[in-house]
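The structure is shown first, and the description follows.

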Amino acid sequence: MKFQTTLITLCLLLSSIWVQSQPVVQDTITETFNLDPTVRYGKLDNGFTYYIKDNDSETTELRLVVKAGILHQNENQLEYAHLLEHMGYKEPKHFPQKLKYFKTAGRGIHAQTSSFFTLYYAWIPSKDKVGINNGLQLVRDWAKDIVLDQESIDVERNAVLGESRSQNPHRKWAMDTIKNILIDNTGLSINSHAERNKSMNNFDRQSFLDFYEDWYRPDLQAAIIVGNVEVDSVEKQVKNLFSDLKIPKRIRDADKIIKAEIATLPSENQIIYLKDTIQSELRLSVLSKVLNNKYSVKNGSDFKNKLLQELYEIIVGTRAKRIKEQYAPPFVNFTPNFKAGGLGHGQLYASIMNVDFENSDSRNMEKDFKSGLLAWRQLHENYSTSELADAKDQLRIQYSKEDTKNSRILAGRYTAHFVYGNAALNPEMEREMIFGLLDQIDLTATQQFAAGIGDLQKNSDYIFFSGNQTQIPKQEILKKWISEVQETQIGSIKDPLKEISSLDSLFPLSNKIRGLNFEQSESILDVVTINLENGIQFILKPATPVSDIFEKKVSIRAFRPNPVSIQKRFNYLSAVSVPEALQYLGAGPYDSFQLEKFKQDHKLKIRYETNKDVQSIDGDAPANKIGELLNLIHLYAKEPRKDTLAFNVWKKNQIKDLKGNSVRGSSEFFMDKIEALWYPMVPVLSSDFLNQLTIEEIFNSHDKWYSNFNDFTFIVTGDFDIETIKPILLEKLAGLPISSDSKNNKAKYKFPLKTKDEIIRYRNLNQVYVHLYLPVKIEKDAKTQILLQLISRVLNQREHARLRDGSYAPGAWGTMVDPENAIFSFKIYFDSKLGDEERMIRMALEEMRELREKGIDQETFDRIIIDERLAFEKQINTYGYFDFWSDFLQEAILNKNNGEKIILSYESILNHFISLDDFNAALKMYLTEDNLQKFKVIPYWYQN
């Protein structure tokens, strides 16, 4: 009752506060909140701070926070904070082999550098008391016992340079340019990418040591320990470990540096014109900025301002989705919280809208410009009470779901308390306070915040990108257009899409399970196989979720050998194009926007793919929504929507993607080009083909290859009960369309077992990517496959360590590239700066040759056996980030492997039938360069 009274008093006090659209801190409003009293907080005589919290968690997080980061660097120390973080991660004094210890048995470590601080952290199972004691010593090493060996520094300098490279340099250039323009008139400092790289290349060891001496000192450091720990005992250990840290004779003022970096907001706008040498089309980025309400949250007023910003994000995000639900929206994308809180050292908050112009004709340019700005106004004006209520409900749900006992979340709170002086209340009390504040926030305050960032006549930037000699209107004309937009009456946003509660009405269950004929078998691995009368097979393999994220979640993999012949190029490419076009067109009575919303509402994911080997459908769903996922698969097969407008937009986007300027999803975006070099007989998509393709041809291909499920196998994995899910699968799969004509004409593609040295060129690159393949013919027995897996593990460790001298994330692995013909290949991969690729190729091959010729010792062998055993146990027993069972079972079915035998014998062979001599002999046999294949991915203009 006392707590309720206190909360009511606090809420009444806060209700009298006038909340502005910027965070205004007035000492007279309310005092800074105290730290959660359940946290053991202390400061040693040398100024070292500690936070210890027993949260009864299975995982304990240990952190060292150093209140020194990017802003504490001198002009000749750029990137040194980042480099020192790398050295702290790599070279703690007492743990030269830390990766062998802190990255096994559920342990892990990481580090990061920000503007104001550097953070090192480890997570260890709470029951691992020896590990926690070692973790505390690791935190002590991070504080002042980082080994700064020059050879290691040189390796990490190159790793830092590698980390700064981008797989999409054009996108990085555009984003960095926008960010720098946005903060250019705010009084904050900017260091260019070129300046940072120059500093790394011209490394000054003494300046580096000065940075370490100046800022890694006890009065700027804190240890944070959160987990199932005995607080008194840990506090005693902290005092023993950190009391001897010395404050240097020269004391530099850390706070003075921070106070010099305070953002200010000028009222004038910026209009900027930029030349783009990669993407020629005219486009516009519109940004508006305010001060970030989440930057400093110390009292009730700050919490209320933070909530206003979060409510704005929900409302404006919802509106943006509704405006985008059309094939020709007025903007390409709209993003609140541009750069996600990291803008201007976290002090600035910006929203960004990107507008593409149809062409450079002045009339069309004016139309597109004004359409974009009118949409901006639609996003920021005339909020309704129902929108605010919905946003509040979403925030309440979000805060209700927050794990208030999670070690990492709590450690993050104490990190912000130490660095910024932010509030770190008892989580339950804070949640109740937030709910009270949400009740107080009214429509006027919410609209006021939105109006502050929505006002495009001040604190806004207009950035035009163009690669052509486009006549962009002068600033006077643009200002006139902006004023005219402000005076134009805006229309209302279209009503939300009608909710699709279920697709069951289209494909209802008939409750005739007992009448279905099927055969069922169960293996010793708890894999249930069911063959339906219509020829469809489905396999059930439940597994324990690897984390809470995957609880009651199910994955479906449906596949069959690709029946489409490559002999007729146009027919093959039409078939390959169907999967993406299918989802863009919609199905049944619903367009693609309605179905996308249906998938989001029900947490469904579905992806179609056709390649030279298989046709596949991959889907995820909550266990209780598996029927809806199958309904969706049925709908796409039976009733694709003939939407000509959608088809034309899809074609336009596909042609744009083929230019290579789109966002790349991974560092292996060029794999399709490597596969084209391996299999030149397989047709490849081109702009010419897409320009000729018609919607009628897409539908003809769909009818021929995608409207039936002949020869399909469905693999269902995840966290589910078989007896609950089986009746739904029986009914739904039995109802899928099947034709009497089986079209399984799988072609034979043999991997080219020969040497290659190929160059692949991309327009939008500023570095080199290298893949080295070492294909070899193998025996397909279980022992050989396990040996190859062990070799892959060792090769990856060796190549990663060696190639860090020039690449941020190099590595190596092995896989069956041609299961049918028993061809296996190791792959070594890395990126490099231009001109360094040949040196790195030499290093990669030298490391591989040394491993092959010298082998490994018994200690290394024993360690990799343990690592492989733990990894194997985890992958066969859990379900989560990597879907082992779907991949394993699909390969076993397609290639007619005895998968069950391999699984059952794996640990036995690993533990009893593989010796060090076997391993070293396998190195000489299989790690061969006889068929070495080099693929270098380089900029189109680069001559190496």
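This is a predicted model: local features need pLDDT of at least 70, side-chain atom pairs count only at pLDDT 80 or more; totals for chains, interfaces and linings use all residues.

The expected span of a helix is 1.5 Å times one less than its number of residues. Helix 13, which comprises residues 385-401, has 17 residues, and the distance from its first C-alpha to its last is 24 Å, close to the 24 Å expected at 1.5 Å a residue.

The buried residues of helix 13 are E387, L388, A391, K392, L395 and Y399. These residues lie on the same side of helix 13 because they cover an arc of only 135 degrees around the axis. An α-helix has 3.6 residues a turn, so residues three or four places apart point the same way. The cover over the buried residues of helix 13 includes helix 11 (300-324), helix 15 (427-440) and helix 16 (443-454).

Strand 6 spans residues 221-227 and is mostly covered, with seven of its seven residues buried. Its cover extends to both faces: Q221, A223, I225 and G227 are buried on one side, and A222, I224 and V226 are buried on the other.

| Strand joined to strand 6 | Bridges | Direction |
|---|---|---|
| Strand 2 (residues 49-54) | Six bridges | Parallel |
| Strand 3 (residues 59-66) | Six bridges | Antiparallel |

Individual bridges can also be named. Y51 has I224 of strand 6 as its bridge partner, and V65 has A222 of strand 6 as its bridge partner. Both I224 and A222 belong to the side of strand 6 that also holds V226.

Key
Residues are numbered from 1 along each chain as its sequence is written. Side-chain values use heavy atoms; hydrogens and water are left out. Helices (H or I, at least four residues) and strands (E, at least two) are DSSP runs, numbered from the N terminus. Buried means under 20% relative accessible area, exposed over 50%, partly exposed in between (1.4 Å probe, protein chains only). The arc is that of the directions from the helix axis to the C-beta atoms. Contact means heavy atoms within 4.5 Å. Two strands pair if DSSP finds at least two bridges between them.
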